[in-house]
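Morning, everyone. I have one structure to show you, and I'll keep it short. Please look at the picture before I start talking.

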Amino acid sequence: MIDRSGMMPRTSTSTSRRKWLRATAGAMAAGGLAGPWGFGGRRGRVDAAEAEATLIVRSRVPLDLETPVDVFDRFLTPNDLFFVRSHFGAPAVQLAPWRFEVRGLVERPLAMGLDELSTMETVSAPAVLQCTGNGRSFYSPTIPGVGWGRGAVGNAEWAGVRLADLLRRAGLKIAADEGHVHLHGADAPPSIKTPPFLRSIPLSRALDPGTLVATRMNGEPLPLLHGGPLRLVVPDWGGNHWIKWLRAIVVSREEAPGFYQQTGYKMPKVLAPPGAELKPADLVTATTMPVKSLIARPTDGARLKPGRVEIQGVAWTGMGHVTRVEVAIGRDGPWRAATLLNDDRPGTWRLWRCEWDTPGPGRHQLRARATDSSGQTQPESTAWNRSGYYWNGIDTVECEVV
Amino acid sequence: MGRFSRFLPIVPTSLVALVAAFVGTTGVPAPGDRALDPDRDDRLAMGRLAFRDNCLMCHSEEMTTRSRLTEKQWATEIDKMIGWGAPVPADLKGPLLEFLVSAYSDPGSSPVAAPERISPRAALDLVSPDGPLPRVGDVAQGASLYKAHCATCHGPEARGGDLGTALVEKTVLLRPSEYSGIVRKGLRRMPGFEAALNPERESDILAWLRTRRFEIGMP
């Protein structure tokens, strides 16, 4: 075995360790930390044309890529520019034909390939997929985790088989309020000590006609990076439920065991400032998305010509529907109603726009907030929670009239 | 050692911290004058290498280098990661924490740069085949070669072991060029095997690995 790993001697004395460090430091400084996962893209400034066609890198391994928010100037987010997220990285789906199972408390366990799945009735609907950690970087004090900004969200037309139809085909042995459905996907951990990304949803939610085992996204076969060939679609709920690379559904009386269901993705029931000690009874699973809006244009830092500017964006909620979007200019400016554009439809978002006659040259802050039918309005800052979930503070954009 | 000078945060030192630096503690030594703490640069260097060798096994650097956390938060993260399989040796935990705190705590003294961008094509390329399989390997041969050379670190079922990551259904198995580069030359704590394996044996092991599947419900 040739040792080119540069591994530090384990049993040396502190003197020889120090000598080894001096010898290695030069090579390290030259190579930096970048290995095969080092910077392959361009550092520094990106010109506007290129910027529009690229995603923001939050992590390369696993791939966590964020959508630039100006892409939200249209109803459907293109597959290529849809945000990418997983816990452990895409599996090598090409190694074998995909198999999918329905097991557990069912009369007739199912095991099928994609061909058989395609013989079942397919439905489609647009739905907003948002990473539950979207906006984490806005929380203060800083919270560990992927530092998403505004763009870990998107809206796509999802097509697939209703999970309810699969469960009916398998024949449930328990009633809707008696259990849960475990969601096994191929987002596989790097170590046997790392908990697998295993989640469950209540059986009642699994039987909702909107919950789909999706095979298509925006009219195309579900792309690999978005969970292809199969993923779960759970409209109104955060992305932690939209399990990718779906392998098996297991009906059970209990929630899924393990870290990602029992410990992760919990929100406090009551206000929990930094440092608060929380008991399990104080926490609930993060499911339904709160109301939120984003300004797609102008973009942050935009330089605008004086005159009439169209401010546009998107708004959505997991709780009912968006009833109002308002825009304000400046920190203390009055809130004015924006026009909601497309038809209201549960699970998906609404485009909105409003017109702004710019005052003279200078810097301006644009603000947008949405209200939903459950009575929720976006706050200035979302109440702090220790995992940094579900940020829905009022969106702000700085621009300059030149 | 000028190259590490930017790692020294500018904080006022208390008398207690000065004493601790003299006496030596098992906790993170207080930052201070290099004259009082001549080993600090070496500890930071060891910590940096510990990060490279034990953290970058499983994830790329951005998750760490783009964070700005307190010492307590970094200590919690280190313990969580060790619990999840990061093979940080016990005597490097201290230097690792010291390195992370010195480099990735204070956004004032080390602001986070603008993030990288990537095209959709380049993103997909990272997990796609990087060339044809040079030959069809012998699965049975691969099984025994894996057991002899790889299982110690990567586990008997290639689902990960003490020093090696899980390989089952990982995209590196679709990338014969990347795979053989790693097998021959090594990567961080993994040594290179070009003396022990030839291209034929490498492809036998790859063929066996490509047959592995993880079972539903297994961790």
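I'll take confidence, then chain A, then chain B.

First, a caution. This is a predicted model. Chain A has a mean pLDDT of 89, and 87% of its residues reach 70 or more. Residues 1-14 of chain A are another matter: pLDDT there is below 50. Beyond near neighbours in sequence, that stretch still has 29 contacts in the model. Residues 25-47 of chain A also stay under 50. For them the model has 37 contacts beyond four places in sequence. How should we treat such places? Where pLDDT is low, the predicted coordinates should not be read in detail.

Now chain A as a whole. What is it built from? Chain A has six helices and 23 strands. There are 402 residues, and 56% of them count as buried. Look at contacts with a separation of 6 or more: in chain A, residues 24 or more positions apart account for 70% of them.

Let's go to one strand, β17 of chain A, residues 308-316.

Which strands does β17(A) pair with? One is β15(A), residues 292-297. Five bridges join β15(A) and β17(A), and the two run antiparallel.

Another partner is β21(A), residues 350-357. Eight bridges join β17(A) to β21(A), again antiparallel. A:G313 stands opposite A:W352 in β21(A). A:Q312 stands opposite A:R353 in β21(A).

Keep your eye on A:R353. A:T339 also stands opposite A:R353. That residue belongs to β20(A), residues 339-340, which two bridges join to β21(A). This pairing is antiparallel too.

One more stop in chain A: a histidine, A:H226. Where is it? A:H226 is in the loop between β10 (220-221) and β11 (231-233) of chain A. Buried or exposed? A:H226 has a relative accessible area of 4%, so it is buried. What does it touch? Leave aside neighbours within four places in sequence, and A:H226 is in contact with A:N79, A:F82, A:F83, A:V84, A:M217, A:R231 and A:K244.

On to chain B. Here we have 10 helices and one strand. From the N terminus, the order is α-α-α-α-α-β-α-α-α-α-α. Chain B has 219 residues, and 48% are buried. Of its contacts with a separation of 6 or more, 66% come from residues 24 or more positions apart.

I picked one helix pair: α7(B), residues 139-149, and α10(B), residues 199-211. How do they pack? Their axes are 7 Å apart, at an angle of about 95°. That makes α7(B) and α10(B) roughly perpendicular to each other. Who makes the contact? From α7(B) we have B:V139, B:Q141, B:G142, B:A143, B:L145 and B:Y146. From α10(B) come B:R201, B:D204, B:I205, B:A207, B:W208, B:L209 and B:T211. The residues of this contact divide into eight nonpolar, three polar and two charged.

That's my tour. Questions, please.

Technical notes: Residues numbered from 1 in each chain as written. Chains lettered and ligands numbered in written order. Predicted model: local features only at pLDDT ≥ 70, side-chain atom pairs only at ≥ 80, totals over all residues. Heavy atoms only, no water. Axes fitted to C-alpha atoms, helices over the stretch in contact; angles between N-to-C directions. Helix = DSSP H or I, 4+ residues; strand = E, 2+ residues; numbered from the N terminus. Parallel < 35°, antiparallel > 145°, perpendicular 65-115°, else oblique. Contact = heavy atoms within 4.5 Å. Nonpolar A, V, L, I, M, F, W, Y, C, P; charged D, E, K, R; others polar. Buried < 20%, exposed > 50% of the residue type's maximum accessible area, 1.4 Å probe, protein only. Pairing = 2+ DSSP bridges. pLDDT = per-residue confidence, 0-100.
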